[in-house]
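Let us walk through this model together, going from the overall make-up of the chain to a few places where its parts meet. Keep the viewer open as you read.

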Amino acid sequence: CVTRGFWGGLGGSRRAGVLRALLEASERDPSEPCRDAARRALDAADVPAEEFAALLAAAVARPAAAAKASRAKRPRRGAAAPAEEGGAGEGSEPPALASGEHLRLATSALEVLHWKGGVQPLGALAAPATALAEALLGACSGEGEGGEEEEEEEESEGEGEGEEGGEEGAPVGAPSAVYALKLTLSLLQQLARDGGVAPSLDVPLAIRCVGGAPDAQARASALALLSGLAAAVPGAVLGHVVAVGAALSAGATVSADDVRSQRALGDALVAVVPVWL
């Protein structure tokens with residue numbers, strides 16, 4: 001039986017291993033009693049936010065621009081000059097997803113964070129959750145997957161460095177990415193309600209999620225996140241007034257026949273319009 005005292009007595013590396021084992025058991029054990037026992041253990045364990053943050057961070061590969069910049073350090077026949085290859089795109093390329101196995105563990109962690117209370121400090125989750133949301137949004141729209149495929153092709157044409165591309169670019173199914181994006185947006189909504197964490201959240205990312213959400217439920221979650229940010233950090237939302245207006249207008253068009261999204265859009269307008277006035 002995993003108790004708070006047992007968890008506190010484990011070393012850092014052992015805690016990480018036990019957390020992974022419990023997440024695995026809670027989702028994949030063929031025995032329902034074992035799955036229930038694993039969930040009870042996760043509920044009882046005093047797992048710090050940093051442990052969950054590490055799982056979220058592991059699901060994100062380095063940005064394609066960074067990978068290209070690192071490859072640019074070695075000359076290649078027929079390639080553009082290194083400075084040209086790493087220049088304009090660096091810093092603007094979205095992060096990509098790592099392997100499907102990493103995403104599966106991160107998704108399990110997000111599910112636990114959805115119902116488990118008392119996980120602290122919440123601020124530790126802000127950066128990895130933001131990066132994961134951006135990578136998932138790219139994967140759902142096809143941008144992130146395309147970048148990884150291009151990277152794999154370039155690696156195979158190079159000097160046998162396909163091992164790195166295989167680890168980072170293992171296939172991630174679209175339904176898995178969409179589901180994980182909804183959970184990540186839900187976590188970001190939770191973080192936006194914390195006054196100490198909200199200022200560190202990415203308002204432009206929330207706006208992009210409204211416009212690029214893969215389905216109505218994800219769009220409603222993105223609108224709810226934008227509403228939460230408008231209430232928590234109105235100044236940050238006001239700084240993107242044109243983009244917010246365009247996203248809300250696009251949301252109204254896309255979700256004309258969707259009651260849930262219409263309700264979320266109405267809530268977002270109620271939260272955002274007073275910021276503009």
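Helices (H or I, at least four residues) and strands (E, at least two) are taken here as DSSP runs, numbered from the N terminus. Counted that way, the chain has 16 helices and 2 strands. What you are looking at is a predicted model, in which local features need pLDDT of at least 70 and side-chain atom pairs count only at pLDDT 80 or more, while totals for chains, interfaces and linings use all residues. Residues are numbered from 1 along each chain as its sequence is written, and side-chain values use heavy atoms, with hydrogens and water left out.

Let us begin with the chain as a whole. A residue is called buried under 20% relative accessible area, exposed over 50%, and partly exposed in between (1.4 Å probe, protein chains only). Of the 277 residues in the chain, 44% count as buried. The chain exposes about 13200 Å², and carbon and sulfur atoms supply 55% of that area; such areas come from the Shrake-Rupley method with a 1.4 Å probe, and for residues only the protein chains shown count as cover. Contacts, meaning heavy atoms within 4.5 Å, say something about how the sequence folds back on itself. Among those between residues at least 6 apart in sequence, 79% join residues at least 24 apart.

Now to a pair of helices. Two packed helices are described by the angle between their axes and the distance between the axes. Have a look at α4 (residues 49–58) and α7 (residues 100–115), whose axes come within 8 Å and cross at roughly 145°. Here the axes are lines fitted to C-alpha atoms, for helices over the stretch in contact, and angles run from 0 to 180 degrees between N-to-C directions. The crossing of α4 past α7 is left-handed, a term used when the near helix is turned anticlockwise from the far one by less than a right angle (right-handed if clockwise). Which residues meet there? From α4 come F52, L55, L56 and A58, and they meet H102, A106, A109, L110, V112 and L113 of α7.

A salt bridge is a side-chain nitrogen of Lys or Arg within 4 Å of a carboxyl oxygen of Asp or Glu, and the structure holds 7 of them. Start at E24, which is partly exposed because its relative accessible area is 25%. Its side chain meets that of R28 in a salt bridge at 3.7 Å, N to O. Both R28 and E24 lie in helix α2 (residues 12–28), 4 residues apart, about one turn of the helix. E24 also meets R104 in a salt bridge, this time at 2.8 Å, N to O. R104 belongs to α7 and E24 to α2, so this pair ties together parts that are 80 residues apart in sequence. R104 is partly exposed too, with a relative accessible area of 22%. Together, E24, R28, E101 and R104 are linked in a network of salt bridges.

The closest N and O atoms of R39 and D36 are 3.4 Å apart. R39 counts as partly exposed at 32% relative accessibility, and D36 as partly exposed at 30%.

Back in α2, find L22. Is L22 buried or exposed? L22 is buried, with a relative accessible area of 11%. Leaving aside neighbours within four places in sequence, L22 is in contact with W7, A38, A41 and L42. L22 and A38 are 16 residues apart in sequence, and their C-alpha atoms are 5.4 Å apart in space.

Two loops are worth a stop. P121 lies in the loop between α7 and α8 (123–141), and a cis peptide bond joins Q120 and P121, with omega about -5°. D215 sits in the loop between α12 (203–212) and α13 (216–232), and counts as partly exposed at 23% relative accessibility. Not counting residues up to four places away in sequence, D215 touches V178 and K182.
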